Amino acid sequence: MVLGLMSNGKLKYIGNCGTGFNEKTLKELYDEFAPLIQKTKPFDSGEDVAKERNVTWLRPELVCDVYYSEWTRDEHLRHPVFKGLREDKSAEDTKIEDKEALAMENDKELKFGKKTVNLTNLNKIYWPNDNITKGDLLAYYEKMGDFILPYLKDKPISMNRFPNGIEGQSFFQKDVDPSKIPSYLKTTEVYSESTGKTIDYLLCNDLPSLLYIANLGSIEINPWLSTYKKPEKPEFVVLDLDPNGAQWEDVIAVAHTAKAVLDRGEVEAFIKTSGSTGLHIVINVGAKYDYEIARSFVQFIAELVQQEHPDTTSMVRGSKKEKGFNIFGLFTK
């Protein structure tokens, strides 16, 4: 959706909005848009509009609400999210808001149908070196939600919470009290053999749940590798390359060796960064095998790789943690 507002009697382009829609919303918007379609661009000819070749222009008559994180220097909205049309305002009523007043806004309430998420302390600095706020973190999770949520679906969540930002002390939280969280949040009970207690894990199957978790200061959101429905069968296995002070070049060399080993076995794998210096090699096993087989497979791959780098790598078994968080891997010295 192309956004604009009135400035000095002219329509000013303020960015495109591509999130906040569902199938029902899109159908309703199409019905509203169809009578307003026109061939001419409603902005000045000099206004550069993102993806302009694909735009179907409308007469600028509809007014909408959007949530966004901030204004950019060129007065475009950063991370806009569509919330709905406003029938109580006309196009002439739109104007650039008082940015200084907006900067003071520290809390927001977002509604997703009957679900309400309260976002707090949005101006709190979470990354001091880059002046990135908690609000920026939440805006990122909201923008990327459609890509993240499929990999969290039905998986018990462990939160790594940073209440005072990335440089402050953090702590892991698995257990939640279902009586003290919003009713729309889903949980699952898991018996922990190590503690002899039942843990109520959060599940994160929709955007309100994702934003609730992120609002707790959860910079990291760690899902199990298996779902609560099939807890003994991981969907993925992970070969963990933990540098532990090693040179980055050595980590890259080990990753290339792992790729060669997996290619010989015709095993498709994907690589991602882990923390600030590590790498994870992720293999989709489709919940076909139990954890014992999965661990044995990853350990076998790690042993083959370690044979190629005996001087720079070692095999270490992690401590016993909840299923889904410790797969035997390769740890570099």
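The structure is a predicted model. Its chain has 333 residues, of which 38% are buried, and its secondary structure comes to 6 helices and 20 strands. Along the principal axes, the C-alpha trace spans about 70 × 45 × 40 Å.

**The chain as a whole**

- When contacts between residues at least 6 apart in sequence are considered, 60% of them join residues at least 24 apart.
- The accessible surface of the chain amounts to about 19,900 Å², and carbon and sulfur atoms account for 49% of that surface.
- There are 43 positive and 51 negative side chains in the chain, and the centres of these two sets lie 3 Å apart.

**Strand β18 and its partners**

- Strand β18, which covers residues 278–284, is mostly covered, with 6 of its 7 residues buried.
- One partner of β18 is strand β16 (residues 236–242), and the two pair in the antiparallel sense over 6 bridges; within this part of the structure, Asp240 has His280 of β18 as its bridge partner.
- Another partner is strand β17 (residues 270–274), which runs antiparallel to β18 and is joined to it by 5 bridges; here Ser274 stands opposite Gly278 of β18.
- Strands β17 and β18 form a hairpin with 3 residues between the strands, and in this hairpin Gly275 takes a positive phi near 65°.
- As background for viewing these strands, side chains in a regular strand alternate between the two faces of the sheet.

- Helix α4, made of residues 207–215, is mostly covered, since 8 of its 9 residues are buried.
- The buried residues of α4 are Pro208, Ser209, Leu210, Leu211, Tyr212, Ile213, Ala214 and Asn215.
- The elements that cover these buried residues include the strands β7 (108–112), β8 (115–119), β11 (157–161), β14 (197–202) and β15 (218–223), together with helix α3 (134–148).
- After α4 comes Gly217, a residue whose phi is positive and near 90°.

**Asn215 within helix α4**

- Asn215 is part of helix α4, and it counts as buried because its relative accessibility is 12%, which is under the 20% cut-off for buried residues.
- A polar atom of the Asn215 side chain lies 3.0 Å from the backbone nitrogen of Thr120.
- If residues up to four places away in sequence are not counted, Asn215 touches Asn118, Leu119, Thr120, Lys134 and Leu138.

**Partly exposed loop residues**

- Asp177 lies in the loop between β12 (171–173) and β13 (187–192), and it counts as partly exposed because its relative accessibility is 34%.
- The side chains of Asp177 and Ser179 are joined by a polar contact of 2.7 Å, whereas the C-alpha atoms of Asp177 and Ile199, which are 22 residues apart along the chain, are separated by 9.3 Å.
- Asn121 lies in the loop between β8 and β9 (125–127), and it too counts as partly exposed, with a relative accessibility of 37%.
- Leaving aside neighbours within four places in sequence, Asn121 is in contact with Asn106, Asp107 and Lys134; Lys134 is also among the residues that Asn215 touches.

**Exposed loop residues**

- Glu92 is placed in the loop between β6 (81–85) and α2 (99–103), and it is exposed because its relative accessible area is 61%, a value over the 50% cut-off for exposed residues.
- Asn8 is located in the loop between β1 (2–7) and β2 (10–16), where it counts as exposed at 79% relative accessibility; its phi is near 55°, a positive value in a residue other than glycine.
- Asn131 is found in the loop between β9 and β10 (132–133), and it counts as exposed at 53% relative accessibility; the phi of Asn131 is likewise positive, near 55°, in a residue other than glycine.

Note on methods:
Residues numbered from 1 in each chain as written. Predicted model: local features only at pLDDT ≥ 70, side-chain atom pairs only at ≥ 80, totals over all residues. Heavy atoms only, no water. Buried < 20%, exposed > 50% of the residue type's maximum accessible area, 1.4 Å probe, protein only. Helix = DSSP H or I, 4+ residues; strand = E, 2+ residues; numbered from the N terminus. Pairing = 2+ DSSP bridges. Contact = heavy atoms within 4.5 Å. Areas by Shrake-Rupley, 256 points an atom, 1.4 Å probe, with all protein chains shown as cover. Lys, Arg positive; Asp, Glu negative; His and termini not counted. Charge placed at Lys NZ, Arg CZ, Asp CG, Glu CD. Polar contact = N/O pair within 3.5 Å; in protein donor to acceptor, adjacent residues only side chain to side chain.
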